[in-house]
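Biologist: I am new to this structure. Please take a close look at the salt bridges and walk me through them.

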Amino acid sequence: MKHRFLPFVMLVFFSSNVFALEPVTLQLKWVHQFQFAGYYLAKQKGFYREAGLDVNIVPAQKHNPDEQFKVLSGQAQFGVTHSGILEQRLLGKPLVALASIFQSSPYCWMVRADSDIYLPKDFQNKRISHLGRSEGAELVLMLERAGIDIEKLPIYSGLEPLADFKAGKFDALQVYISNEPYKMSQQGVATRQICPKHYGINVYADILFTSEDVYKYRPEMVAKFRSASLRGWRYALANLDEALQVTKYYAKDKSFEELASEADKLLPFIKAPGIPLGNMSVARWQWIAQLYHLDVVGFHEHKGMFLYADDSEGELSWSWMLTLAVVLSLLCIPMYIHLVLFKKKHFMIN
């Protein structure tokens, strides 16, 4: 009896291992909000599970959002970061960009509606919030390109920026377009935003990334995670109501109204005419390197390992084209034979 039972136990053991899901951690760059809706949908709809992955989505700590460190230290396999990832790569950090969910940066300057700041050149002698040169460097660049000497601008560095902005203690606050402007409107403060996107500075944002070790030694897992994540984003964008419901499950401290406002503000930065979701190009990354005054020669030395390349995409494309050609041939041959017979019959009748 024991010997008969043993094969069954072994079968159950091996079956459970074959179908076991691989644990994976995704480290976000901020707290839960619509900004990360596609990842929530990928998990909720089972896209990660279908790829054999058990994904844990971890929000950042508000006062210490260090997603790059978490991935490089092995605390997470994947993360979401900003376009400053390129500079960090050139400085020697083994980071790999997998996909850019945002084709333009949602970082903007927020000014009061009654402010006399309308254009970047109007920032002359204005007091601005503390400048983040790694994340949001495009905000600095926008002012510099307008002829503003950043070093001469008075800087606000208080501990309560929103309250002090509302009180008029400084003129412009560096913000994420879907967050602070909404909070100000809820407090009855009308604002407007001056964004790099409106002045031709379209740098990538919310970039899905991993470490070089994970990319090099777990390429299949990376490909599956990337594919499932983009699938989740496509589903979220096509089903916004459901995306808001699922996001609310994660962002428990936010109302549906706030999440809907976030979605409305962020969609123009995610969707770009003629550009597939998540797309990145070598040419545009080179342009970003030039924009940030980075070492372009260094970029070309690093780009092979910095930018994700799915070798199977070309093979899949050719496979799909070959299949289509075969199908068309099978359809055309009977039609051709029919036409030949019809012509022959018509000739005989005449």
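Modeller: A salt bridge here is a side-chain nitrogen of Lys or Arg within 4 Å of a carboxyl oxygen of Asp or Glu. By that rule, the whole structure holds 12 salt bridges.

A word on the source. This is a predicted model, in which local features need pLDDT of at least 70, side-chain atom pairs count only at pLDDT 80 or more, and totals for chains, interfaces and linings use all residues. Residues are numbered from 1 along each chain as its sequence is written, and side-chain values use heavy atoms, with hydrogens and water left out.

Start with lysine 29 and aspartate 206. Their side chains meet in a salt bridge, 3.8 Å from N to O. Helices (H or I, at least four residues) and strands (E, at least two) are DSSP runs, numbered from the N terminus.

Is this pair buried or exposed? Buried means under 20% relative accessible area, exposed over 50%, and partly exposed in between (1.4 Å probe, protein chains only). Lysine 29 has 6% relative accessibility, so lysine 29 counts as buried. Aspartate 206 is at 2%, so aspartate 206 counts as buried too.

Now go to glutamate 50 and arginine 231. They form a salt bridge whose closest N and O atoms are 2.8 Å apart. This pair links distant parts of the chain: glutamate 50 is in helix α3 (residues 47-50) and arginine 231 in helix α10 (residues 219-238), 181 residues apart. Glutamate 50 is exposed, because its relative accessible area is 57%. Arginine 231 has a relative accessible area of 36%, so arginine 231 is partly exposed.

Next come aspartate 114 and arginine 112. Their side chains meet in a salt bridge at 3.7 Å, N to O. Aspartate 114 has a relative accessible area of 62%, so aspartate 114 is exposed. Arginine 112 counts as partly exposed, because its relative accessibility is 26%.

Some salt bridges join up. Arg89, Glu212 and Lys216 are linked in a network of them.

One last stop involves charge of another kind of contact. A charge sits over a ring if NZ of Lys or CZ of Arg is within 6 Å of the ring centre and within 35 degrees of the ring normal. The charged end of arginine 192 sits over the ring of tyrosine 118, 3.9 Å from its centre. Lysine 248 lies over the face of phenylalanine 256, at 5.9 Å from the ring centre.
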